[in-house]
Amino acid sequence: MASWDKLKAIAFDLDGTLIDSAPDLAAATQATLAELKLPNCSEEQVRSWIGNGAKVLMQKALTHSLEKPVEADMLEDTMPLFMKHYQENLERHSQLYPGVLEVLNELTSLGYSMAVVTNKPYRFAIPLLKAFKIEHHFTKVLGGDSLEKMKPDPLPLTHLLDKWKLKPEALLMVGDSKNDILAAKAAGISSIGLTYGYNYGEDIGLSCPDAVCVQFSEILKFVNNSVKVMEHESV
């Protein structure tokens, strides 16, 4: 069993890790395509497109509907429409994955500092966390547009290391996508891959995380309980 005895902080992905947001992302995508009078897509297709931010999701949806690569101008013109529809569908059908609330409560009680590192735009991440009443567990929330680069680039994770004044062995990344694992490896930190989320139809184990969990509750098996609460400066 993996064990990280120097672990002090944990970064979590959002979509496909904490929250199953695919139904609402699908509803927004479908509404956008319908308004453009383009052929629609299924929720399962949208699930395979999630993970690289809103623009890539819409790019894949438009390419699918048009049956050819979408031009940059059309994609830029479509993004405000998608954002509007997603704002209207942000928390309509999404739900926490089993065990998330209980595990976050336990990790908070143990003194771990926690962050959300997502490729979702920041403007949607905060209200989604608040809707499910879990925002208080996280000292930091980084969206896909919070920094110059997003996962799989290591910048969001190295940003946390810098702001929290941590060594790489003190931070763990938990996510469902190869982007999470690649970012963790590039930042020199450990990672846990979850099998139930959105990973483009690929086995998360192929990305070689330090541990693989089938259920969110299994995370507790891999973290060390002797941890002290940290004092942090703000981002």
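How many bridges join β4 to strand β5, and in which sense do the two run? Three bridges join them, and the strands run parallel. β5 covers residues 140–142. Two strands count as paired if DSSP finds at least two bridges between them.

This is a predicted model: local features need pLDDT of at least 70, side-chain atom pairs count only at pLDDT 80 or more, and totals for chains, interfaces and linings use all residues. Residues are numbered from 1 along each chain as its sequence is written, and side-chain values use heavy atoms, with hydrogens and water left out.

**Strand β4**

Helices (H or I, at least four residues) and strands (E, at least two) are DSSP runs, numbered from the N terminus. β4 spans residues 113–117. Val117 stands opposite Leu142 in β5. β4 also pairs with strand β1 (residues 9–12), in the parallel sense, over four bridges. There, Ala9 stands opposite Ser113.

β4, helix α6 (residues 122–131) and β5 make a right-handed β-α-β unit. Right-handed means that, with the strands pointing away from the viewer, the path from the first strand over the helix to the second runs clockwise.

Is β4 enclosed or open? Five of its five residues are buried, so the strand is largely enclosed by the rest of the structure. Buried means under 20% relative accessible area, exposed over 50%, and partly exposed in between (1.4 Å probe, protein chains only). In a regular strand the side chains alternate between the two faces of the sheet. Both faces of β4 are covered: Ser113, Ala115 and Val117 are buried on one side, Met114 and Val116 on the other.

**Salt bridges**

Side chains of opposite charge can pair when their charged atoms come close. A salt bridge here is a side-chain nitrogen of Lys or Arg within 4 Å of a carboxyl oxygen of Asp or Glu. The count comes to ten. Among them are these:

| Pair | N to O distance |
|---|---|
| Glu44 and Arg47 | 3.7 Å |
| Asp153 and Lys149 | 3.9 Å |
| Asp180 and Lys151 | 2.6 Å |

The Asp180 pair links distant parts of the chain, 29 residues apart. Asp180 lies in helix α8 (residues 178–187), Lys151 in the loop between β5 and α7 (155–163). Asp180 is buried at 1% relative accessible area. Lys151 is buried too, at 3%.

Salt bridges that share partners join Asp20, Glu43, Glu44 and Arg47 into one network. Within it, Glu44 and Arg47 both lie in helix α2 (residues 43–49), three residues apart, about one turn of the helix. Glu44 is exposed, at 57%.

Asp153 is partly exposed at 23%, and Lys149 is partly exposed at 48%.
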